[in-house]
Amino acid sequence: MIVRWIAALVAFLVVAGVGLVAFGNFSTGIDPGSFFDSEGANSFALILAVALVLAFFVYAVVEYLQTGSFASISRQFDTRTIVLMPLAIAFNIILGQAVGAALKIPIYLDSIGTILVGALAGPIPGALTGFLSNILWTYVVPPPFNSGIAAAFAVVAAVIGILAGLFGRAGWLRPRPDRPMRDLFAGGVVALAVVGFLAYYAYTRFYGTTFEFFNPDNTDLLFSLLGWLILLLFVAFVVGFIGLLFVRRDLTVAYVVIAGVITGSVAALISAPIAANVFSGVTGAGTDFLVAAFRQAGSDIQTATLQQGLLSDPVDKMVTFFTVYLILNAMARRTKARFPQGERLLDDGDDEVLDDLETPPSPQGAPA
Amino acid sequence: MAAVAVGGFVGPLLLVALGVVLPAVLAGVIGQLARLTLLLSLPIAISAVLVNVFFFPGGETVLLRLGPITATAEGLVFALEILVRILAISGAITLFYLTTRPAELVVDLERRGVSPRVAFVASASVQTVPAMVERAGQITAAQRARGLDTEGSAWRRVRGIVPIVGPVILGAIGEVEERTMALEARGFTRPGRRTLLWWPPDSAWERVLRWAVALAVPVLIVARVAGWLTWLP
Amino acid sequence: MLTLEAVSYRYAGARRAALRDVDLELRDGEVLGIVGASEAGKTTLALVASGLAPRAIGGTLRGVVRIDGRDVAAAPMHEMAAQVAIGFQNPATQLSGVTETVFEEVAFGPMNLAVPRNEVIGRTWDALASLRIEPLAERHPARLSGGQQQLVAIAGLLALRPRHLVLDEPTAQLDPAGTDLVAEALSHLSARGASICVTEQKTDLLAGLATRVAVIDAGAIAFSGPADEVLADPRLADLGVAAPSAVRLYRVADAAGLSPVARDRLTAALAEELDVR
Ligand SMILES: Nc1ncnc2c1ncn2[C@@H]1O[C@H](COP(=O)(O)OP(=O)(O)OP(=O)(O)O)[C@@H](O)[C@H]1O
Ligand SMILES: [Mg+2]
């Protein structure tokens, strides 16, 4: 067990190290204006993601050498999960394609299935669902449900699945209904603080030099519009979030928001260099106009894709996590419980005991 | 040609001619290929041209001025470069699924050692996508018959999606239990390889070609990184 | 022979047992009918008999399930598959969803069990032939009618060469035409000596097909016996099960005061006319 983790860690460090030295691009130097080297940061995230995937392979190989099987991994792949995965992949592809092709809005909605599987079954099935979705989306599914660009982002989808699995495992998606006002209030404040901090950080680091909200010198109409749009989005988010929290009185809403924002930020960091280097920032989706706007404002292509990602992805993943949470709530308790990681999604309010037991809780049903 | 259709990122038209057009002519699908490739790359190509022609940073040679927006020559050149690249990628992808049936691909992968469970997920996904679209279509028709409109303003359309997508997703998830039991009742949980009924033929020259392509890709990437290709336009 | 001895079963997370002290025997070559009201426990019984409960869905089992006298508690699910095959109500969810022809669909089970290739092909043709659906072999399974799909699903079970076949309301979701298809196929199978256990709410299907019938109520066997006796038993109605049409016809004629000879002739003629057994 420990050997496996150490081997995976070593592999991660080696690949990350080699990758950073050989391919990391730090030549642009640190921009004195933002104290930030955006190109360097971009390749950094991508290399780490690749290292993560390789580390997982090493873990699997070591486990196989040790035990002759993949027990700790295959335990997460019971038949139920295998049956759910194709459905999840179909959700991803259909919704992603519909949103990408029909609605020209800068979000994707192509990871509902990935996050659902991650939450119910664990990080590895989640990762595989995401990875396979994007590969099949490009190479196997015929038009009109075919996307030429998805496969390049398969690594991103895999990382999203891993994160969803970890959040599920940590019990973040377990319902916490009817909490007292005080808890809800605290949860709301914490969530807003986290989101606000991330937003502030991203703004000062990545956007500060490009445009400022309502800069008096700003003569560019586009940027005044963009500034307003972002502000509006932010206000809508805060209002919507607080409304949900107090209408549903379910503390988990706060957890869902934080999970979405974190996942989205990570996804943006990894996907930006791919979008920039493979597609020059153009993917044919509604996000293109954002990239174009940032480039117009003077960002280079690397920075522009990152700026776009940090705007779209957290919102997108938040919506997605919330949708998944609604789906989980609509599923029967016993259906959820049978998935490998399902018991961590059940609220603890019900004291019903699952599975073991010779004597059932109610005297009437006791088998003679 | 089985699993290797890794598109070259280097992108010059030469590659398209050699790697996509030639085999397509050989396979007799060139007409279909051209149509589908164009269809597939159209939205992204339009987007690429618009974005780059009008928003290319540092473009100086002004071609056209439309209010606050200017079109530049540098942007146009850059856009064309991207266009060629997009064409190469989507051409390769289109060729791939015009000549390869998903079922053949999955069987071939399974024969080469991919786990039967992964193979199951892949083929089930491919069949689930159209099935689910069909189901969504039926539900849409039913909702329309009940007077729910899916046309109209953007917000109404978004609201209209929920009663369609909701039942599709929840209905599909509701069937997971029974599907699981039906699969287990047919020996799905047996560990190890399973019997295959058929697999696509694999001739010697196809194998050679596959290895050649597989080798060429890293060579090209190395060549590009090392800067040996700068003489290519 | 498949036997259940004093079997009780409770679903995971349920408060009450869904089966209580069930004793049941499926002898070789016989067709056993299980009837009972909705929620009586028919599906649960089928799941327990086939080994899916508790293997695949958890829960607690008491008592013993034996095949030819051997306790099967420890056998993994893929070994059970060749012993007891189980079919469900909904034709669509029983198809694997990964095959493009009926032939491959029927072959899916034996392929999973790594039966040698030539034998898989032989078994598949046999299974198709025994339900007389060879003409469908090249069709796409998703593009068939419900009744045809149900036959394909049953053929997929037969290809496993199970010693016992358990079918849970195989006609519940079918239209009359589909019901006829399946009913005909089942009587054909039983004529060839298969051991089948069918749960049904429609007793018409069982009359003429089953050799014995057991009535289940609230998770326990209420009574059982030879098919014609049980299906004519007046207690059926109290347990929420409608008697077969022929029996109801007979009763109506009797109540109308017809002489025994006239009654028998009328019943026979009507049965002929309405095609009920
Ligand atoms: N997965 C489950 N978990 C817990 N309880 C269940 C489950 N499935 C069924 N039950 C309960 O077990 C009892 C028997 O149900 P079962 O499905 O066996 O009835 P049935 O005779 O097949 O009914 P029907 O004619 O509606 O199919 C019912 O009280 C039902 O509520
Ligand atoms: Mg039932």
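**Entry 1: terms and ground rules**

I call a residue buried when its relative accessible area is under 20%, exposed when it is over 50%, and partly exposed in between, using a 1.4 Å probe and protein chains only. By that rule B:Thr195 is buried, with a relative accessible area of 10%. I am working with a predicted model, in which local features need pLDDT of at least 70 and side-chain atom pairs count only at pLDDT 80 or more, while totals for chains, interfaces and linings use all residues. Residues are numbered from 1 along each chain as its sequence is written, chains are lettered from A and ligands numbered from 1 in the order in which they are written, and side-chain values use heavy atoms, with hydrogens and water left out.

**Entry 2: B:Thr195**

I looked up where B:Thr195 sits, and found this residue in the loop between H7 and helix H8 (204–226) of chain B. Helices here are DSSP runs of H or I with at least four residues, strands are runs of E with at least two, and both are numbered from the N terminus.

Which backbone atom does the side chain of B:Thr195 reach? I found the backbone oxygen of C:Val115, at 2.5 Å. For polar contacts I take pairs of N or O atoms within 3.5 Å; within protein, one must be able to donate a hydrogen and the other to accept it, and residues adjacent in sequence count only if both atoms are side-chain atoms.

I then listed the contacts (heavy atoms within 4.5 Å). Setting aside neighbours within four places in sequence, B:Thr195 is in contact with C:Pro110, C:Met111, C:Ala114, C:Val115, C:Pro116, C:Arg117 and C:Val120.

**Entry 3: chain C against chain B**

How many residues of chain C are in contact with chain B? I read off 42 residues of chain C, in contact with 28 residues of chain B. The area buried between the two chains is about 2,900 Å², and carbon and sulfur atoms give 57% of it. C:Thr93, C:Met111 and C:Asn112 supply 21% of the area that chain C buries against chain B, more than any other three residues. Buried area here means the accessible area (1.4 Å probe) that two parts lose on being put together, summed over both.

**Entry 4: ligand 1**

Which chains surround ligand 1? Residues from chains A and C do, so the site is shared between chains. I count a residue as near when one of its heavy atoms lies within 4 Å. There are 15 residues around ligand 1, and C:Glu39, C:Gly41, C:Lys42, C:Thr43 and C:Thr44 come nearest. Helix H1 (residues 42–50) of chain C gives the most to this shell, with three residues.

Next I looked at the oxygen atoms of the ligand. A polar side-chain atom of C:Thr43 lies 2.6 Å from an oxygen atom of ligand 1, and one of C:Ser38 lies 2.9 Å from an oxygen atom of ligand 1. For C:Lys42, a backbone N or O atom lies 2.8 Å from an oxygen atom of ligand 1. The protein covers 74% of the 630 Å² of accessible area that ligand 1 has on its own, with areas taken from the Shrake-Rupley method and a 1.4 Å probe; for residues, only the protein chains shown count as cover.

**Entry 5: B:Ala172**

I found B:Ala172 in helix H6 (residues 154–174) of chain B. At 6% relative accessibility, B:Ala172 counts as buried. Not counting residues up to four places away in sequence, B:Ala172 touches A:Leu87, A:Phe91, B:Met132, B:Arg135 and B:Pro167. B:Ala172 and B:Arg135 are 37 residues apart in sequence, and 9.8 Å apart in space from C-alpha to C-alpha.

**Entry 6: chain A**

I finished with chain A, which has 13 helices and zero strands. Of its 368 residues, 53% count as buried. In helix H5 (residues 112–121) of chain A, ten of the ten residues are buried. H5(A) is followed by A:Gly122, whose phi is positive, near 130°.
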